[in-house]
Amino acid sequence: MSEAHRTSMGVDNRKMAFWAFIGSECLLFGSLIATYLVYKGRSLVGPYPHEILNIPFTSFSTFDLLMSSLAMVLALAAVQRGDMKQGKLWLLVTALLGLVFLGGQFWEFSHFYHEGLGLTTNLFGSTFYVLTGTHGAHVTVGVIWLLTLWIQALRGKLGPQNALTVEITGLYWHFVDVVWIVIFTVVYLIQ
Amino acid sequence: MSEQTGSHASTATYLRIAAILVMITLIEVGVFYVPTFQAVLVPLLLVLSAVKFALVVMFYMHLKFDNRFFAFLFGGPLLLALVVVISLLLIFYGAVRLRTGV
């Protein structure tokens, strides 16, 4: 570890800062999930969750995001051992799986809108779109980040010497995954 | 500038964790559709979700192998977020109960 990046605690300051950022993100999503739960079942008009949520489709999205997390750790492991061919492949696979998830969310939102559920239709619509939309925005940032790393790798500017950069990207991506694990249970399965 | 990272799990471990995560997701969706589990559905789903959450954080985010200070940086706010969620639910439903008397 470079002296310039080491804290007095012996940990890398970028990694420490990123864990602190993830901690603050826990509070952001915690408040959004709390708001969703507080207003759950309080909509005066439909569509209601049980009428509109598609569990098989969302289960596929969950599977997709879990597999993207696997691809991310495989990308990091490849970069750490200097196998950049595999590293590039798994970074691209992770980004593509993220894009599949975003495509699914776009389809889901469009479908719900055509079914009559807008942002201001009822309390369910407002809390659902804000919670899942904020998560989707995080996935979008993650996909852009991953594609940036992939392009850097293609240009030969990413190697085992940048393993920590890939690890921090991975921390962000896995956090997005764990947030979805909670959303899938709280919003979709517990109706 | 070289960047060193901590010791992590093996590829075989990552694949095993992925298989467990997929199995738990299948169980979650399965119990959702089986009427027998309706009585215990909420606690069961919360436990299964917590197991998935812990597996990703421990093995994919390497918290199990990394500096314990990172666990504190993550666990502290996570605990606070949980307290916020539970407190808001208690306050809101407590207020509803007071207003309606039910």
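Predicted model: local features only at pLDDT ≥ 70, side-chain atom pairs only at ≥ 80, totals over all residues.

Colleague: Okay. How many helices and strands does chain A have?
Modeller: Chain A has six helices and zero strands. Helices here are DSSP runs of H or I with at least four residues, strands are runs of E with at least two, and both are numbered from the N terminus. The pattern along the sequence of chain A reads α-α-α-α-α-α.

Colleague: And what does the C-alpha trace of chain A span?
Modeller: About 60 × 35 × 20 Å along its principal axes. Of the 191 residues in chain A, 42% count as buried. Buried means that 20 or more other C-beta atoms lie within 10 Å of the residue's own; 12 or fewer is exposed, in between is partly exposed, and the C-beta atoms are placed from the backbone.

Colleague: What about contacts along chain A?
Modeller: Take contacts between residues at least 6 apart in sequence: 80% of them join residues at least 24 apart. Two residues are in contact if their C-beta atoms, placed from the backbone, lie within 7 Å.

Colleague: Let's do helix pairs. At what angle do H4 and H5 of chain A pack?
Modeller: H4(A), residues 84-114, and H5(A), residues 123-154, pack at about 155°, and their axes are 9 Å apart. The axes are lines fitted to C-alpha atoms, for helices over the stretch in contact, and angles run from 0 to 180 degrees between N-to-C directions.

Colleague: Parallel or antiparallel, then?
Modeller: Roughly antiparallel, because of that angle. The cut-offs are under 35 degrees for roughly parallel, over 145 for roughly antiparallel, 65 to 115 for roughly perpendicular, and oblique for the rest. H4(A) passes H5(A) in a left-handed crossing, where left-handed means the near helix is turned anticlockwise from the far one by less than a right angle, and right-handed means clockwise.

Colleague: Which residues make that contact?
Modeller: Among them are A:Leu91, A:Ala95 and A:Leu99 from H4(A), and A:Val139, A:Val143 and A:Leu146 from H5(A). The contact of H4(A) with H5(A) divides into 15 nonpolar, eight polar and one charged residue. Ala, Val, Leu, Ile, Met, Phe, Trp, Tyr, Cys and Pro count as nonpolar, Asp, Glu, Lys and Arg as charged, and the others, Gly among them, as polar.

Colleague: How do H3 and H4 of chain A pack?
Modeller: H3(A), residues 55-80, packs with H4(A) at about 160°, with the axes 8 Å apart. That makes H3(A) roughly antiparallel to H4(A). The crossing of H3(A) and H4(A) is left-handed, and their contact has 16 nonpolar, seven polar and two charged residues.

Colleague: Switching topic: how many residues of chain B are in contact with chain A?
Modeller: 39 residues of chain B are in contact with 44 of chain A. On the chain B side, H1 (11-33), H2 (41-60) and H3 (68-100) each supply at least two residues. H3(B) gives the most, with 14 residues. That side of chain B has 28 nonpolar, eight polar and three charged residues.

Colleague: Is B:His62 buried or exposed?
Modeller: B:His62 counts as buried because it has 22 C-beta neighbours inside 10 Å.

Colleague: Last one: what does A:Val166 touch?
Modeller: Not counting residues up to four places away in sequence, A:Val166 touches A:Ala75, A:Leu76, A:Val79 and A:Leu149. A:Val166 is in H6 (residues 163-189) of chain A and counts as buried, with 26 C-beta neighbours inside 10 Å.

How values were computed: Residues numbered from 1 in each chain as written. Chains lettered and ligands numbered in written order.
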